[in-house]
Each structure stands twice: as C-alpha cells, then as structure tokens.
Amino acid sequence: MSGNSATQQTGDHGLSVLVVDDNEGFRDILTLYLTHQGVRVDCADDGLSGLNKYRDNPKKYDAVLLDIQMPVMDGYEALRLIRETETGKSVPVLAMSGQTDEEKSTGFDRCLRKPFPFEELIPTILDAVVIRRNEGTR
C-alpha cells in the first residue's frame, strides 16, 4: 500500500464503527481495511474496554463489531450490557466468531463467521444499519 491512501480509498460510507477483538493482528488488518473504505474506526481489545468506549460516546458509533471469545469480558456479556444502555437497542451489533451462527439468536444483528471475506463487510454493516434505522422510524 502506498503512502497516499486517499487516492486508494474506494468509498466514503460516512460510517463510524467500534471494533472489539482481542486479536491485535486481526484488529489491525480489519481497521486498515475499513479505514481504506472510508469508515472511521475505534478499537478495543476486550469486551469491557469496548463497552466502556461505547458508553463514553454511544451516539458516535453506527455499528459495533464484536468478537465473541475474549478475555476480561466476552462478546455475549458486552452485547447484553450495550443493549441495556439508552442507545444500545438501536445500534447494530455484529458478532465476529469462528463458531456457528448461533449468535443470531442471542441478540446480535448479524454474525460474521471468521474467517470472512472483507468485501462482504461493508455491505453487511450497511444492511444492519439500514434495518436498525428503519426500525427506529416505525
């Protein structure tokens, strides 16, 4: 990748996403990809840190990408506590997991099964954001 990433950026989606994953390498690659797509990204390395970032500025995030298996606080507990906040019921939370699709039935908006093709990421996030926003206007 050259030093001028602005010319390589393939779209400005105007999204702000919180990425919560304990795997630093995966987090870095995911952040690089998303920022290259014009997405603003904040990161946390465990569920508790992610929850605290979300609570500090909940209206900042259009979506949360949340790993399931993490130290300190897992993704299920972080999701439960995010949903208890004032804005937590309206923000899409997408599970990132190497497990099965059971996350769909536990309150996540979508489940991205690792490893997932990054080209599916933006459309999946946008779809979840649109659905949540439409639910809020009913």
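The following questions and answers walk through a predicted model of one protein chain.

Visitor: What should be kept in mind about the numbering and the model?
Guide: Residues are numbered from 1 along each chain as its sequence is written, and side-chain values use heavy atoms, with hydrogens and water left out. This is a predicted model, in which local features need pLDDT of at least 70 and side-chain atom pairs count only at pLDDT 80 or more, while totals for chains, interfaces and linings use all residues.

Visitor: In what order do the elements of the protein chain run from the N terminus on?
Guide: Helices (H or I, at least four residues) and strands (E, at least two) are DSSP runs, numbered from the N terminus. The protein chain has five helices and five strands, and their order is α-β-α-β-α-β-α-β-β-α.

Visitor: Why is strand 4 described as largely enclosed by the rest of the structure?
Guide: Buried means under 20% relative accessible area, exposed over 50%, and partly exposed in between (1.4 Å probe, protein chains only). In a regular strand the side chains alternate between the two faces of the sheet. In strand 4, Val93, Ala95 and Ser97 on one side and Leu94 and Met96 on the other are all buried, which leaves both faces covered. Strand 4 (residues 93-97) is therefore largely enclosed, since the buried residues number five of the five.

Visitor: Which residue in strand 5 is the bridge partner of alanine 95?
Guide: Two strands pair if DSSP finds at least two bridges between them. Strand 4 and strand 5 (residues 110-113) run parallel and are joined by four bridges. Within this pairing, alanine 95 has as its partner in strand 5 cysteine 111.

Visitor: What is the handedness of the β-α-β crossover from strand 3 to strand 4?
Guide: Strand 3 (residues 63-67) pairs with strand 4 in the parallel sense over four bridges, and aspartate 67 stands opposite methionine 96 in strand 4. Between these strands the chain passes through helix 4 (residues 75-83). A crossover is right-handed if, with the strands pointing away from the viewer, the path from the first strand over the helix to the second runs clockwise. By that criterion, this crossover is right-handed.

Visitor: Is arginine 132 buried or exposed?
Guide: Arginine 132 has its place in helix 5. Contact means heavy atoms within 4.5 Å, and, leaving aside neighbours within four places in sequence, arginine 132 is in contact with Arg83, Lys89, Ser90, Val91, Pro92 and Asp109. Its relative accessibility is 17%, so arginine 132 counts as buried.

Visitor: Is valine 72 buried or exposed?
Guide: Valine 72 is found in the loop between strand 3 and helix 4, and has a positive phi of about 70° although it is not a glycine. With a relative accessibility of 65%, valine 72 counts as exposed.

Visitor: How many charged residues does the lining of the largest pocket have?
Guide: Ala, Val, Leu, Ile, Met, Phe, Trp, Tyr, Cys and Pro count as nonpolar, Asp, Glu, Lys and Arg as charged, and the others, Gly among them, as polar. The lining of the largest pocket has six nonpolar and three polar residues, and its charged residues number five.
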